[in-house]
Amino acid sequence: MPAATTTTTANAGSDAERLSATAAFVREQDTSVLLSRVLPGLDGPELRALTDQCRFAHAAVLVFPPDEPALRRDLAVGGLSTDAEAQPSVVVRGRLASRHRRDPADLDVRILRPLVRGPAEEVRAVEVFALTVPPGSGLAGIAAEERRQDHEAHLAFDVAQPDPLVLRGLLASFARHGAAADGGGYNPHEDGTVFYFTAPSDTKTAYRRVELYASGDHRDVLTEHLGRSLAPAEPVRQPDRPRPAETLLWLLTGAWTTQALAACARLRLPEAMNRHTGVDSAELARAVGADPQSLATLLRYLAMLGVVSEGPDGFRLTGVGALLDAEAPGSMRPLALMYGGPFYQSFAHLTHTVSSGQPGFEHLYGENHFDHFARDPELAALFDQSMVSSAAMFDALPAHPVLTAAATAPGHPRTVVDIAGGTGELLARILTAHPTLRGILLERPQVLEAARAYLAGTDAGGRCAYRAGDFADVPPGGDVYILSRVLHDWDDDRCRSILRHCADAMPRHADLLIVERLLPADATPSLATAWDLHMMCNTGGRERTADHYARLLEAHGLELVTTTPLALGAHALHARRA
């Protein structure tokens, strides 16, 4: 059967099989025949005109290697060059993050374009998107869903000599034969414009997305195309966008949002509400001791934020609002109180921080935040609770290959050393998941009391030892060392000191796991970018890129081996002695 009658994408089988099938498809297609199958009914002079104006360029496939070497092996098995350069794919990463409700920083997506030859020896490519799915990363579900749905599979045609008239004619032909405009964009780095379509319902290939690529800046034509994407049944129009002044006004209200959430938590509104039955504002005001009219105003604002919802029977709590309930699993109430309290006050001194380099917290309170909290037990307890509020980032960590290997190693039980591990939330999860492991928690004396009480109530309490001290007191002889959300508190000099103490204590066989948010290498929006500002203003620390951490580790004979995405924008960085 000729390849032009192929009706399936490479959505089944191993990554190597998917790559091989896609490469075979690209090699065998005739542009004219493929266009007639993508757009049924296209024939005669119009087909010849389209064939003259554009050529089949590539087919795309999304694969899910555990690491870079595995990707290269699969390329080789699939008959593709292993020398193709991999670059970050911001667009596909953003689409995956949106579909699966993940922070883009959780996803490492690369794009490669190994070249192949068409039937007339014309140069084409297989566009390979690679989402790295390390073992234990928690991304296997995304990989399975994407394999089933094959959202990123598409066919692409390059426009030979693009000018506005030719482009408008091509777009009109695609629309006339049932292809629906489905977005696009201009890439200033490549100086090229992409027009996306959803294939007609009666298309004769299994590829549901089609791309037209025109070199150069054609944003005027793109605007018309995007108008069709947004309102296919209406006249072409430019999409509505907020005016700059309106956008800025919304941005300037960010402080109001923080305080509204903090007020919701302080008043204990979530505890007085539920998700199934509405309650009117007057009844809520009586329950929490608030002024009815003022509370009604706050509730309307919280409804706009999606924290509560308003219906005929009153106000109900949403899933977001439920996280502010002190008794909810994974409650983020302590975080709301911290960000609406001491950290809110210190952020008023951000200008001072940017001007002088001194943390706003230190400028306001006259001391760093660790010393300040140490002198206020109530505030220190709230801070420790706020750290637990983000513990969802630890969900996948116990399955990390380093911990699994330690737990299953023969001989004596292996020891996990959690350095500055707070009240022991992470260590408890690891020891509970792996009953053969033992733990040591290193913390300041005032924190260890709370840690003992917490761990005593878990299955891990009997296998955990406690060490009072500072970073200079890292216990030697452990098998796995953990620094979770520690290094971002400090500048590079202090980080080097902390890592030196770790390296000095670690036996040659030991592993180091670092849990931090990683700054993206590009301008992709990320929680880490926001936390970078927060750390600068409140601790004098910073978030860093993976390469930055690699350099800090290298200074002490440690090598960054892998990075594994976790929840809430965090990553696990695995390091060993070089």
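Guide: Two strands pair if DSSP finds at least two bridges between them, a strand being a DSSP run of E over at least two residues, numbered from the N terminus. This model is predicted: local features need pLDDT of at least 70 and side-chain atom pairs pLDDT 80 or more, while totals for chains, interfaces and linings use all residues. Residues are numbered from 1 along each chain as its sequence is written, and side-chain values use heavy atoms, leaving out hydrogens and water.

Visitor: In what order do the seven strands of the open sheet run?

Guide: The order is β14-β13-β12-β15-β16-β18-β17, with mixed pairing.

Visitor: What makes β14 and β17 edge strands?

Guide: β14 (464-468) and β17 (558-565) each pair on one side only.

Visitor: How do you know that β15 and β16 pair?

Guide: Five bridges link β15 (residues 480-484) to β16 (residues 511-517), in the parallel sense; the rule asks for at least two.

Visitor: Which way does β6 run relative to β1 and to β9?

Guide: β1 (residues 54-63) and β6 run antiparallel, joined by six bridges, with L155 as the bridge partner of A59. β6 and β9 (residues 209-215) run parallel over four bridges, and F157 stands opposite L212 in β9.

Visitor: Why is β6 called largely enclosed?

Guide: Buried means under 20% relative accessible area with a 1.4 Å probe, protein chains only (exposed is over 50%, partly exposed in between). Six of the six residues of β6 (residues 154-159) are buried, so the rest of the structure largely encloses this strand.

Visitor: Which residues of β6 point one way, and which the other?

Guide: H154, A156 and D158 point one way, L155, F157 and V159 the other, and all are buried. In a regular strand the side chains alternate between the two faces of the sheet.
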